[in-house]
Amino acid sequence: MTADPQAPAAEAPTVPVLSAAGLHVRFRGHGGRGTARAVDGVDLDVHAGEIVALVGESGCGKTTLARTLLGLEKASEGRVEFEGAPLRYRSKALKAYRRRVQLVLQDPSGSLNPRHTVYEAVAEGLRIHEGAAPDEEARVAAALARAGLRPPERFFLRYPHELSGGQRQRVVIAGALVLDPEVIVADEPVASLDASVRGEILALLLRLRDDLGLSALVVTHDLGLAWNIADRVAVMYLGRIVEVGTVEEVLSAPRHPYTRALLSVLPEADAGDPVILSGEPPDPTVIPAGCRFHVRCPVLASGEAERAGVADRCRTEDPGVLPAGRGTHAACHWARVRAESAG
Ligand SMILES: Nc1ncnc2c1ncn2[C@@H]1O[C@H](COP(=O)(O)OP(=O)(O)OP(=O)(O)O)[C@@H](O)[C@H]1O
Ligand SMILES: [Mg+2]
């Protein structure tokens, strides 16, 4: 195999641009409920120029992890690192950080103020961070153009209701780009868009990665979307990452039964019959002992784990936190035993 000079060596000691290290985020119980362990031990790196998709069902902790990486939520344990240095929560440090790591929300969840023009919406972040910059207009125009709204001047005085859904999402992205961030954290950036527009926004994110070397953490329910955009995928279940690796490995040869179940219900999947997960929907106030997925695991329920000799471990032994680096890993006793007997 010849080395690709563009590709970082598998174990190259590059400092990730953004990391979660031993991250836990707990929410104190309210309404008689116990403490929710929304993020329950996560190690995850995002490298420069890399798009990482964070996938998993509703309530598994994706938004909480994303908000914590942005410094909007404070870790109960562990830390967030930016370019190798721990994030500091003093207001000045946090403000500087928020410029370099930008949040992109999906539009109709109210990220655009209906009474602000496109120009004002994009200039807002610039004004917060720099006051009245002399080159404000040129930078707003450049950000709009980069987000694919051309010619930008034509959009300056428009209001959100005069734009299509895809155009509004581009305005939100331009608002992030105007500050020249290193990382974008996008929470469900296309969930509410039509399929055709979705593809355009994803193509835009890919172009930003290629042209600007931007890194992104893209939170999504949608594995198909992850397949189209991400370099790596992290699959989250009940506050933990249960499988992580390159898109090719995780989505075409999933190891964790949870990833397999998620993939099996995709219409385009060629993964045999859909696996309907049994058991209670996961609740972060009562995380099962052993493997947190064991109560819903089809491999345990079918007796396969028993035959592989791991059923007891599934019920009693936590498979642990996956490492943050670039390798492909699954937090599953059964998958590990299979990998050992195959290798
Ligand atoms: N501020 C909060 N206070 C209490 N509990 C919270 C808070 N924020 C989130 N949670 C709980 O933490 C868990 C994870 O929520 P989170 O919003 O991170 O999930 P998610 O994966 O983003 O879900 P979705 O796909 O529906 O957006 C949920 O059980 C949620 O109820
Ligand atoms: Mg969410």
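At roughly what angle do the axes of helix α3 and helix α5 cross, and within what distance do they come? I shall take that question as the starting point of this presentation. Please keep in mind that the model before us is a predicted one.

Two packed helices are described by the angle between their axes and the distance between the axes. Here, helix α3 spans residues 118-130 and helix α5 spans residues 165-177. Their axes come within 7 Å and cross at roughly 30 degrees. Angles under 35 degrees count as roughly parallel, so α3 is roughly parallel to α5. As for handedness, α3 passes α5 in a right-handed crossing.

Which residues make this contact? From α3 they are V118, A121 and V122, and from α5 they are V171, A174 and G175.

Let me now turn to the protein chain as a whole. The chain contains 13 helices and 11 strands. Its radius of gyration is 21 Å, close to the 20 Å that the globule rule gives for 343 residues, and therefore the chain is as compact as a globular protein of that length. Along the principal axes, the C-alpha atoms fill a box of roughly 70 × 45 × 40 Å.

Of the 343 residues, 49% are buried. Among contacts with a separation of 6 or more, 67% are between residues 24 or more positions apart.

How values were computed:
Residues numbered from 1 in each chain as written. Chains lettered and ligands numbered in written order. Predicted model: local features only at pLDDT ≥ 70, side-chain atom pairs only at ≥ 80, totals over all residues. Heavy atoms only, no water. Axes fitted to C-alpha atoms, helices over the stretch in contact; angles between N-to-C directions. Helix = DSSP H or I, 4+ residues; strand = E, 2+ residues; numbered from the N terminus. Parallel < 35°, antiparallel > 145°, perpendicular 65-115°, else oblique. Left-handed = near helix turned anticlockwise from the far one by under 90°. Contact = heavy atoms within 4.5 Å. Rg over C-alpha atoms; globule rule 2.2 N^0.38 Å. Buried < 20%, exposed > 50% of the residue type's maximum accessible area, 1.4 Å probe, protein only.
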